[in-house]
Each structure stands twice: as C-alpha cells, then as structure tokens.
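Please keep the sequence and the model in view while reading.

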Amino acid sequence: HLYLGGPLLIHELDATTAAARTTVLGSALERGERPQHVVPAGCWFGAEPAPDAPFALVGCAVAPGFEFDHFELARREQLLPRFESARPLIERLT
C-alpha cells in the first residue's frame, strides 16, 4: 500500500515462469499507477522509489498469515541463474 510520497516500483520475479515484471504503485491512476498491489505466492519481489520520487512511504500486509520461520531473503547467487534476463535489477536490489 502506498501512503505518501512519490511512485514506488515493485519488481517481481515469478519462480514458475522465470518472468520479471514491474508494477508502479502510486496515486496517478490516469497514468496506470495503482494504489495497492498483490504479489502472488511463489514470487520474489523487491521495491524501490521511482526515479522521480524523493521518497515513498509504504506498508505491506501479509495474508492469510506470516511466520518468520518461513521468511527468506533472496541471495544474488541464488537468483541470477534462474533470472538471467533480470540481472541489472537483481544486482541493484541485492
């Protein structure tokens, strides 16, 4: 959820299809921005402020639940072999 600030880029790497996609979180609906976004299970994701955004205040809700025992941060060496086409993104965010 975007609460305040400029647009946020949410980058997803789909483990099933090896596809990369980006969604723009923002309040400019007329430009295709979205006020919220759901990242499906099985996707690695990361986020960064859009190039023209000085900051973005965001929140994240997890459903149906979240347990830290199942939380895993992605590692560059783990992602690059599976998502070679997203190399610049992975190198920037890891």
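Predicted model: local features only at pLDDT ≥ 70, side-chain atom pairs only at ≥ 80, totals over all residues.

Ala 74 is placed in the loop between strand E5 and helix H1 (76-79); helices (H or I, at least four residues) and strands (E, at least two) are DSSP runs, numbered from the N terminus. With a relative accessibility of 28%, Ala 74 counts as partly exposed, where buried means under 20% relative accessible area, exposed over 50%, and partly exposed in between (1.4 Å probe, protein chains only). Residues up to four places away in sequence not counted, Ala 74 touches Trp 44 and Leu 79, contact being defined as heavy atoms within 4.5 Å. Ala 74 is also 8.8 Å from Phe 45 in space, C-alpha to C-alpha, at a separation of 29 residues in sequence.

Residues are numbered from 1 along each chain as its sequence is written, and side-chain values use heavy atoms, with hydrogens and water left out. The chain has a mean pLDDT of 90, and 100% of its residues reach 70 or more; pLDDT is the predictor's confidence in each residue, from 0 to 100. Among the elements, the lowest mean pLDDT, 88, belongs to strand E1 (residues 2-5), and the highest, 95, to strand E2 (residues 8-14).

The chain contains two helices and five strands, and in sequence order they give the pattern β-β-β-β-β-α-α. The C-alpha trace spans about 35 × 30 × 20 Å along its principal axes. Of the contacts between residues at least 6 apart in sequence, 64% join residues at least 24 apart.

Which residues form the largest nonpolar core? Its eight members are Leu 13, Trp 44, Leu 79, Leu 80, Phe 83, Ala 86, Leu 89 and Ile 90. A nonpolar core is here a set of buried Ala, Val, Leu, Ile, Met, Phe, Trp, Tyr and Cys residues joined through side-chain atoms within 4.5 Å. In soluble globular proteins, nonpolar side chains tend to be buried together. Trp 44 and Leu 79, both touched by Ala 74, belong to this core. Another member, Leu 80, is in contact with Arg 87 and Ile 90 when its neighbours within four places in sequence are left aside.

The loop between E2 and strand E3 (20-25) holds Ala 15, which is partly exposed with a relative accessible area of 26%. Beyond four places in sequence, Ala 15 touches Gly 42, Arg 82 and Phe 83. The C-alpha atoms of Ala 15 and Phe 83 are separated by 8.7 Å, although these residues are 68 apart along the chain. Ala 18 lies in the loop between E2 and E3 as well and is partly exposed at 35% relative accessible area. Its backbone has a positive phi of about 65° although Ala 18 is not a glycine. Most residues other than glycine have a negative phi.

Phe 55 is found in the loop between strand E4 (43-49) and strand E5 (56-58). Is Phe 55 buried or partly exposed? Phe 55 is partly exposed, because its relative accessible area is 41%. Neighbours within four places in sequence aside, Phe 55 is in contact with Leu 4, Gly 5 and Gly 6. Ala 56, in strand E5, is partly exposed at 23% relative accessibility. Leu 2, Leu 4, Gly 5, Gly 6 and Leu 8 are touched by Ala 56, residues up to four places away not being counted.

Buried residues make up 29% of its 94 residues. Its accessible surface is about 6500 Å², and 58% of this belongs to carbon and sulfur atoms, with areas taken from the Shrake-Rupley method with a 1.4 Å probe and, for residues, only the protein chains shown counting as cover.
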